[in-house]
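User: Could you walk me through this model, a bit at a time? I'll ask as we go.

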Amino acid sequence: MFDIDKWQEIFATIKKNKMRTFLTGFSVAWGIFMLMILLGAGNGLSNGVSENFMRDAVNAMWLWSGRTSIPYQGMQENREIRFTNADYDILKDLEGIEHTSGRYYIGGNLFSYGSEYGEYSAITCHPDLKDVESIEIVDGRFVNQVDIDQTRKSVVLGKDIYDALFDGKEAIGEYVRVNNIPFKVVGICKEGGGTRHRNAYIPVTTGQKVFNGSNRLHNFALTINAETIEESQAIENRVRERLARKHKFDATDESAMGSYSKLEDVIQTMKIFQAIDIFIWIIGIGTLIAGVVGVSNIMLIVVKERTKEIGIRKAIGASPASVIGLILLEAVMITTIAGYIGLVLGTGLMEGLNFIVEKQFEASAATNGGNGETLFRNPTVDLGIAMSATLLLVIAGAIAGYIPAKRAAKIKPIEALRDE
Amino acid sequence: MISLNNVHKSYVTGSNSLHVLKGIDLEINSGEFVSIMGSSGSGKSTLLNILGILDNYDEGSYYLNGSLVKDMSEKKAARLRNELVGFVFQSFNLISFKNAMENVALPLYYQGVNRKKRNKIAEEYLDKVGLLEWATHLPSEMSGGQKQRVAIARSLISQPKIIFADEPTGALDTSTSYEVMDILKEINDDGITVILVTHEHDIASMTQKIVRLKDGRIDEIIKNGELKNFQHQYAKELETA
């Protein structure tokens, strides 16, 4: 098999039949190249979108209160449902819930520091909101349990607020007035995945106390411990039932209490991506089949074209095995090398694309404070898949060459010689 | 060297069967220079192909160098062809993408001789047929006579016992034909059996033994001494033609 002479003979044949070699090689290289591009593009799209999703915790859930729309236990509809701190304690310990944060809305929200002022949102929260909304701390710290317990007047400023009020000066420890009440700046943060950072966070208990909220809460942000739609729905139902029992409303009443689970959306979207993946695979396999047919076709023609040569070789003493070996080795070698070239070109193109995408991502990230917008990331292909595809084409080429080569090697040399 | 006993051969195409050889008995000894003659369709090429194990036969027996050639595996036939016989064809049958030297060296490739050595031997044989300076030329760059001389060098390189030539001069003009015949005669002088098929009387008359085929049977065998007679008959045939 690894007889140098045989390879020299094959190389000599290839060198002198460039067109034939090129055509065989091209169909293989093209097939692999297209497959790499298809799969890479699919992966890139999938990666880009899932990255966008990951900006908030994917398992986040929100609850908000409203007015009942269904009469319940003898009570009229249109009754207002109010969440309180007691609900926070219930939710916190409910099975399947990881992080919980309540919010009390405060109006107005005029922020001022020295002579600088502006209108921003002050969000009251528990420390867990940091995990639910993937808030990044740039400086200092987030709201902590001590703030909650001691109803401290602490505030965590969004980066945009900090930039507007402080313009680069040291802010930690300074006092900012929110609706004319001084709050001590304890941290500076960025919204996870957001491009605007115009929210300020203050401890929920402080909010309630300072802005006359008593023990009232308006909504909850949670993260749940679920991996499937079913689990997510089960937890959502459990939350609804528990709160419905406490506040005496129908658990199915969406207007008494609204709820939204992000995980359900994420899973739905991932399903779409699975479908796109399958679609890409179907096209990819189609491309491969086209490649296989192309290679087979060319091999058939090659053997036909070489019938007379085979006759000559047999007349001067070539055994059938050596004839088959010559054709097969040539086919395998061409398809392997061409497949490799296709692989390298495809990978190269996708890596180049990746480079450009990353550059754009960085550029957009720079203008948006670290969070780039992109729908397309890391468009690369699993090397194992690419290798198997190449191997498939090589084997197909070998089989397509073997059948006619065997037939040609079997016929009487005189018949092969007559072939023109 | 060669012994044929009642050899039959038919070609079957669809429902038609063409009985080409209808019982050939023939003995050819080592070192003979034989020509097989006959009109087209007389079966002379078929006979040569069977002798050269390029084709099989249906009935009878054929002994080549003492061993029976019948229902032989392609592998064994290939080895016999490689070691025992050399071929020269009317249409040269050189491999078009190989140069003269590589074409000549090819039989040695199938004997497992390494490239360097076989190319050197090929050059020697090209020198013998006077084409050493054409060693690196492709067949398409050569004249018919040159191509045939390359083919002869190729048939000789494996040092065969028999050379089979099917109309070796058929595609050549008269003077080139005579050159080729001179080479074949030299080969025969070296002790190699040469069997050629031709329909040209002047070519046949240069050999020592003429086997005339007619309708698939041997019509007559003219031996060396009777060549004069043959010339006479040849003239007579020309008259009737």
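This is a predicted model: local features need pLDDT of at least 70, side-chain atom pairs count only at pLDDT 80 or more; totals for chains, interfaces and linings use all residues.

User: Is B:Ile36 buried or exposed, and why?

Analyst: B:Ile36 counts as buried because it has 27 C-beta neighbours inside 10 Å, where the cut-off for being buried is 20 or more.

User: Which residues is B:Ile36 in contact with, leaving aside neighbours within four places in sequence?

Analyst: With those neighbours left out, B:Ile36 is in contact with B:Lys44, B:Leu47 and B:Leu48, and also with B:Ile195, B:Val197, B:Val211 and B:Leu213. As for B:Glu167, it is 131 residues away along the chain, and its C-alpha atom is separated from that of B:Ile36 by 9.7 Å.

User: What about chain B as a whole, and how confident is the predictor there?

Analyst: Chain B has eight helices and 10 strands, and buried residues make up 44% of its 241 residues. Among its contacts between residues at least 6 apart in sequence, 70% join residues at least 24 apart. The mean pLDDT of chain B is 88, with 93% of its residues reaching 70 or more. Within the chain, confidence is lowest in helix H8 (residues 227-240), at a mean of 64, and highest in strand E8 (residues 193-197), at 94.

User: And the two chains together, how many residues are in contact?

Analyst: There are 21 residues of chain B in contact with 20 residues of chain A. On the side of chain B that touches chain A, helix H2 (74-84) and helix H3 (100-109) of chain B each supply at least two residues, and H2(B) gives the most, with six residues. The residues on that side of chain B divide into nine nonpolar, five polar and seven charged. For the complex, the predictor gives an ipTM of 0.88 and a pTM of 0.67.

User: Switching to chain A, in what order do the strands of the open sheet come?

Analyst: In chain A, four strands form an open sheet in the order E3-E13-E1-E14, with antiparallel pairing. Strand E3 (97-103) and strand E14 (257-261) of chain A stand at the edges with a single partner strand each, so one side of each is left without a neighbour in the sheet. From one strand to the next, the twist averages 15 degrees.

User: How many bridges pair E1 and E13 of chain A?

Analyst: Strand E1 (residues 60-65) and strand E13 (residues 219-224) of chain A pair over five bridges in the antiparallel sense, and the bridge partner of A:Ala60 in E13(A) is A:Thr223.

User: Which helices lie across those strands?

Analyst: Helix H3 (residues 85-93) of chain A lies across E3 and E13 of chain A and runs at about 165 degrees to E3(A), while helix H9 (residues 262-305) of chain A lies across E1, E13 and E14 of chain A, running at about 40 degrees to E14(A).

User: Okay, and what covers what in strand E11 of chain A?

Analyst: Strand E11 (residues 199-203) of chain A is mostly covered, since five of its five residues are buried. Both faces of E11(A) are covered, with A:Asn199, A:Tyr201 and A:Pro203 on one side and A:Ala200 and A:Ile202 on the other. Strand E6 (residues 121-125) of chain A runs parallel to E11(A) and is joined to it by five bridges, and A:Ile123 stands opposite A:Tyr201.

User: Which residues of helix H6 in chain A are buried, and where do they fall?

Analyst: In H6 (residues 159-166) of chain A, the buried residues are A:Lys159, A:Ile161, A:Tyr162 and A:Leu165. Seen down the axis of H6(A), they fall within an arc of 160 degrees, so they line one face of the helix. Just after H6(A), A:Asp167 takes a positive phi of about 50 degrees.

Terms used. Residues are numbered from 1 along each chain as its sequence is written. Chains are lettered from A and ligands numbered from 1 in the order in which they are written. A residue is buried if 20 or more other C-beta atoms lie within 10 Å of its own, exposed if 12 or fewer, and partly exposed in between; C-beta atoms are placed from the backbone. The arc is that of the directions from the helix axis to the C-beta atoms. Two strands pair if DSSP finds at least two bridges between them. Two residues are in contact if their C-beta atoms, placed from the backbone, lie within 7 Å. Ala, Val, Leu, Ile, Met, Phe, Trp, Tyr, Cys and Pro count as nonpolar, Asp, Glu, Lys and Arg as charged, and the others, Gly among them, as polar. Axes are lines fitted to C-alpha atoms, for helices over the stretch in contact, and angles run from 0 to 180 degrees between N-to-C directions. pLDDT is the predictor's confidence in each residue, from 0 to 100.
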